[in-house]
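Please read it with the sequence and the model side by side.

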Amino acid sequence: MEANTRSTGRLPAAFLTPGSSSFFDFLADHSPELLPGNRKLPEGIVEAPHGTTIVAATFPGGVVLAGDRRATMGNMIAQRDIEKVFPADEYSAVGIAGTAGLAVEMVKLFQLELEHFEKVEGATLSLEGKANRLSTMIRSNLGMAMQGLAVVPLFAGWDEGREKGRIFSYDVTGGRSEEHGYAATGSGSIFARGSMKKLYRGDLTEQQATTLVVQALYDAADDDSATGGPDLARGIFPIVTVITDEGFRRLTDAESSELARSITERRLEQPDGPRAALL
């Protein structure tokens, strides 16, 4: 195929024939070796950096998706400032937990998949449709997941039809579940979810929702060594994104810094964080 393309200077006919609106399916048909889940692994134990905790929470008018900045490799810190939350398109975002390299590749392919669909069909996928497309991609990585290289993201976005923010979680087989109110994935998720369970309310403002997810990441870092808390010395803070009917927005470095610093200062007085009422 490559030799024919070079000699004629033209793309093969298959590339010019209208077909599926799914770029993922097109790639699987014509160059399956380029899919993240089809890469050949070296013999023996594979050590790769892993991303950890991702959290999300809805509020009237939108949804917040956030992640810590630490990547680990075994008991070592592989990277202190990795980015784990990305826009999928204008009205949705995905946060990655699991094998960092594969996860980033999958996110880029997912972004291309949504852009390709929009250009071919002249319309955007519904939020439900986007969640299903991501599920298919995760399922294609099952072989890698069985060898310890799993990708387990959180997907969140603004549903234009229902006029509200929604959250979807996944397992390593691509099984999809809609989460209501809040969700977490990654090694620190059990602690983050416990934190949000006590503090979450259905009437949170956007500011309160962003504070909630950073509080949850702080609690996760407090009990999970693979989750990184705010690093005041290096100026490394959680990535916090907000998706509303106006689209995707990432908090600026100044905004996330101010939020993380204010929470850290309060923790000097209450190391275990804010208290929820008993009744």
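1. Thr-241 lies in strand β13, which spans residues 239-244, where strands (E, at least two residues) and helices (H or I, at least four) are DSSP runs numbered from the N terminus. Thr-241 is buried, its relative accessible area being 0%; buried here stands for under 20% relative accessible area, exposed for over 50%, and partly exposed for what falls in between, with a 1.4 Å probe and protein chains only. Once neighbours within four places in sequence are set aside, the contacts of Thr-241 (heavy atoms within 4.5 Å) are Val-63, Val-64, Leu-65, Val-85, Phe-248, Arg-249 and Arg-250. Val-63 is 178 residues from Thr-241 in sequence, yet their C-alpha atoms are 8.5 Å apart in space.

2. A word on the basis of this note: the model is predicted, so that local features need pLDDT of at least 70 and side-chain atom pairs count only at pLDDT 80 or more, while totals for chains, interfaces and linings use all residues. Residues are numbered from 1 along each chain as its sequence is written, and side-chain values use heavy atoms, with hydrogens and water left out.

3. For the protein as a whole, there are 9 helices and 14 strands, and 47% of the 279 residues are buried. Of the contacts between residues at least 6 apart in sequence, 65% join residues at least 24 apart.

4. How do α4 and α5 cross? The axes of helix α4 (residues 100-121) and helix α5 (residues 127-140) come within 11 Å and cross at roughly 135 degrees, the axes being lines fitted to C-alpha atoms over the stretch in contact, with angles running from 0 to 180 degrees between N-to-C directions. The two helices, α4 and α5, are therefore oblique to each other, a term for whatever is left once angles under 35 degrees count as roughly parallel, over 145 as roughly antiparallel and 65 to 115 as roughly perpendicular. On the α4 side the contact is made by Met-106, Leu-109, Phe-110, Glu-113, Leu-114 and Phe-117, and on the α5 side by Lys-130, Arg-133, Leu-134, Met-137 and Ile-138.

5. The largest nonpolar core has 24 residues, of which Phe-110, Leu-134, Phe-155, Phe-168 and Tyr-170 touch the most other members; such a core is a set of buried Ala, Val, Leu, Ile, Met, Phe, Trp, Tyr and Cys residues joined through side-chain atoms within 4.5 Å. At least two residues of this core come from each of β6 (85-89), α4, α5 and β10 (164-170), and α4 gives the most, with 8 residues. A second, separate core of 23 residues includes Ala-192, Leu-212, Val-240 and Ile-263.

6. Helix α8 (residues 206-223) and helix α9 (residues 253-269) have axes that come within 10 Å and cross at roughly 60 degrees, which makes α8 oblique to α9. Their contact involves residues of α8, among them Val-214 and Tyr-218, and residues of α9, including Leu-259 and Ile-263.

7. One backbone detail deserves a look: Glu-163, in the loop between β9 (154-159) and β10, has a positive phi of about 55 degrees although it is not a glycine. Most residues other than glycine have a negative phi. Is Glu-163 buried or exposed? Glu-163 is exposed, with a relative accessible area of 61%.
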